[in-house]
Amino acid sequence: IATDHAPHASFEKEFDLNQAPFGILELEVAFSSLYTHLVLKNELDLGTLVTAMSHKPAKIFGFDYMGEIRVGFLADLSIWDLNEKWVVKDLKSKSKN
């Protein structure tokens, strides 16, 4: 799983959908989007999604992190209520498309 956090200027996106650079505002909703469209539709299990978005990237980039909570490791945690419904608003992105 990969995400591309390269915002485009608004003038670059002012084309037909097929000609404009690909991308949507996604950083803040990457996990929830993938959970909704892959895990809840039985295309992927939750453990595989979590691994693909945490352990695998850390390993690829050589980070001293393997998803453990212990002394000496970075406290880079996310906690999700998988039953909570929420609305996307106030996204923090340079892109305004």
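Part of what covers the buried residues of helix H1 (residues 30-39) is helix H2 (46-53), in a model that is predicted rather than experimental. Cover here goes by contact, that is, heavy atoms within 4.5 Å. The H1 residues that end up buried are Ala30, Phe31, Ser32, Tyr35 and Val39, where buried stands for under 20% relative accessible area, exposed for over 50% and partly exposed for anything in between (1.4 Å probe, protein chains only). Helices are DSSP runs of H or I with at least four residues, strands are runs of E with at least two, and both are numbered from the N terminus.

How do H1 and H2 sit against each other? They pack at an angle of about 150°, with their axes 11 Å apart; the axes are lines fitted to C-alpha atoms, for helices over the stretch in contact, and the angle, on a scale from 0 to 180 degrees, is taken between N-to-C directions. On the H1 side, the contact is made by Ala30, Phe31, Leu34, Tyr35 and Val39, and on the H2 side by Leu46, Leu49, Val50 and Met53. By class, that comes to 9 nonpolar residues, with no polar and no charged ones; Ala, Val, Leu, Ile, Met, Phe, Trp, Tyr, Cys and Pro count as nonpolar, Asp, Glu, Lys and Arg as charged, and the others, Gly among them, as polar.

Leu49, in H2, counts as buried because its relative accessibility is 0%. Leaving aside residues up to four places away in sequence, Leu49 touches Ile1, Phe31, Leu34, Tyr35, Val39 and Leu44. Leu49 and Phe31 are 18 residues apart in sequence and 8.3 Å apart in space, C-alpha to C-alpha. Over in H1, Ser32 counts as buried because its relative accessibility is 12%. With residues up to four places away in sequence again left out, Ser32 touches Trp80 and Trp86.

As for the whole protein, there are 3 helices and 0 strands, and 16% of the 97 residues count as buried. Of the contacts with a separation of 6 or more, 43% come from residues 24 or more positions apart.

Residues are numbered from 1 along each chain as its sequence is written, and side-chain values use heavy atoms, without hydrogens and water. Local features need pLDDT of at least 70 and side-chain atom pairs count only at pLDDT 80 or more, while totals for chains, interfaces and linings use all residues.
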